Amino acid sequence: MSPQSVRNLVILGATGSIGVSTLDVVARHPERFAVFALSAHRQIGRLFEQCLQFAPQFAVVAAQDDARDLQQRLREAGSRTEVLAGEAALADVASDERADVVMAAIVGAAGLLPTLAAARAGKRVLLANKEALVLGGALFMDAVRAGGGSLLPIDSEHNAVFQALPADYARCPDSAGVRRIVLTASGGPFREWPLEALAGVTPEQACAHPNWVMGRKISVDSATMMNKGLEVIEAHWLFGALVDRIDVVVHPQSVIHSMVEYVDGSVVAQLGNPDMRTPIAHALGFPERIEAGVTSLDLCQVARLSFEEPDFSRFPCLALAYDALREGGAAPAVLNAANEEAVAAFLAGRLGFTQIAAVIAATLERANGLSVESAQAILDTDRSARTLARESIRQRETQ
């Protein structure tokens, strides 16, 4: 690859699991990628080490105090990285004309505005942030079209679907002969637990995913299968499929990452070891294939692939997500906000595991007159839904 072909990369959420895996892939291809900017929220020490290793032009943190401290440490270490702070700085680096590719890996609603900025600026957006599509799917897809850039999914499931679709797929299942999209789910750590035991689940148990290494919030989402519900909503926007043409199947081995069924009866699946470096490398190199450092899949060692229908009585959060997508409008944004608040309360020991779904359902029932027509409306809806969810959580604490 010529020096002119080197792509400048922005990683929003560099210290999380996706960010760390992205930098692992990038380090294998110094001739292809240069790190232009990194961001972090709380893990300033890890960001410091990343800045020393990859020498970005910019590092972005949330708080001014952290920015001053990090800047001083970097200067003392001989680094020329400039440290910025705040939401506006995130949007600035994501839309900077010198940036080519933006990995959107900030967890939660905080990732919405910088990801929108990247889309509007015509960047290649590698989307690992679910909330950009769950909160404002129509707005975000319009931004991608208007900006003239591209959107590549990083979630292993959506990346698998992307790989199984025709190269010229244009968000129209019928014209491509697509009958349905099938998202696979591991079922999490409680797939076989007695239902009556779920009320006693602890945060430590919920965060012990059987196949994937993930952050605490997304690990809980996997345990409740809300992550799969959010992925159903994402798939609707990414691939233009109606809700009744997006199915979920529980596949405990996490070897088949998702499938596309065609009208001729063919089912095309993407397989691989459960390692996020595979979809990251696929999106970074697209349309080329590049080395990811992932171990080859040994099907003989796997030996058995099993599948089962999801149990909605065990995973009510998945049912709530389907309902929110069918309702449309602000319902998915309300669902997401309520889930974030409920999961945070569960991790803090303030809410029982089975009460997560109850808080989300109560919030959806009470939320009225909310809009997702603009970025500001989405943020207002997010705040309003969080207020309602916190009230529901407090009520359950006093019971």
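Student: With the side chain of which residue does the side chain of E157 make a polar contact, and at what distance?
Tutor: This is a predicted model, in which local features need pLDDT of at least 70 and side-chain atom pairs pLDDT 80 or more, while totals for chains, interfaces and linings use all residues. Residues are numbered from 1 along each chain as its sequence is written, and side-chain values use heavy atoms, without hydrogens or water. A polar contact is a pair of N or O atoms within 3.5 Å, and within protein one atom must be able to donate a hydrogen and the other to accept it, residues adjacent in sequence counting only if both atoms belong to side chains. By that criterion the side chain of E157 makes a polar contact with the side chain of S156, at 3.2 Å.

Student: Is E157 buried or exposed?
Tutor: E157 is found in helix α7, helices (H or I, at least four residues) and strands (E, at least two) being DSSP runs numbered from the N terminus. Buried means under 20% relative accessible area and exposed over 50%, with partly exposed in between (1.4 Å probe, protein chains only). The relative accessibility of E157 is 9%, so this residue counts as buried.

Student: Beyond its neighbours within four places in sequence, which residues is E157 in contact with?
Tutor: Contact here means heavy atoms within 4.5 Å. With its neighbours within four places left aside, E157 is in contact with L183, T184, K228, E231, H257 and S258.

Student: At which residues does UniProt place the feature "binding site", and what is the largest C-alpha distance?
Tutor: The UniProt record, an unreviewed entry, places this feature at D155, E157 and E231; such annotations may be inferred rather than shown by experiment. Although these positions are spread over 77 residues of sequence, they cluster in space, with a largest C-alpha distance of 8.3 Å.

Student: Where does D155 lie, and which residues is it in contact with, its neighbours within four places in sequence left aside?
Tutor: D155 lies in the loop between β7 (150-153) and α7, where a relative accessible area of 10% makes D155 buried. Leaving aside neighbours within four places in sequence, D155 is in contact with L127, A128, K130, E231, E234 and M276.

Student: How do β8 and β9 pair, and which residue of β9 does A185 stand opposite?
Tutor: Strand β8, residues 178-185, pairs with β9 in the parallel sense over five bridges. In this arrangement A185 stands opposite a residue of β9, namely V250.

Student: Which strands does β1 pair with, and which residues stand opposite R7 and L12?
Tutor: Strand β1 (residues 7-12) pairs in the parallel sense with β2 (residues 33-39) over five bridges, and in the parallel sense with β5 (residues 101-104) over four. The bridge partner of R7 in β2 is F33, while L12 stands opposite a residue of β5, A104.

Student: Which elements do the buried residues of α1 pack against?
Tutor: The buried residues of α1 are I18, G19, S21, T22, L23, V25 and V26. They pack against β1, β2, α2 (44-54), β5 and α11 (277-285).

Student: What is the phi of M225, and what is that of S254?
Tutor: M225, in the loop between α9 (216-224) and α10, is buried with a relative accessible area of 1%. S254, in the loop between β9 and β10, is likewise buried, with a relative accessible area of 6%. Most residues other than glycine have a negative phi. M225, not a glycine, has a positive phi of about 65°, and S254, also other than glycine, has a positive phi near 55°.

Technical notes: Pairing = 2+ DSSP bridges.
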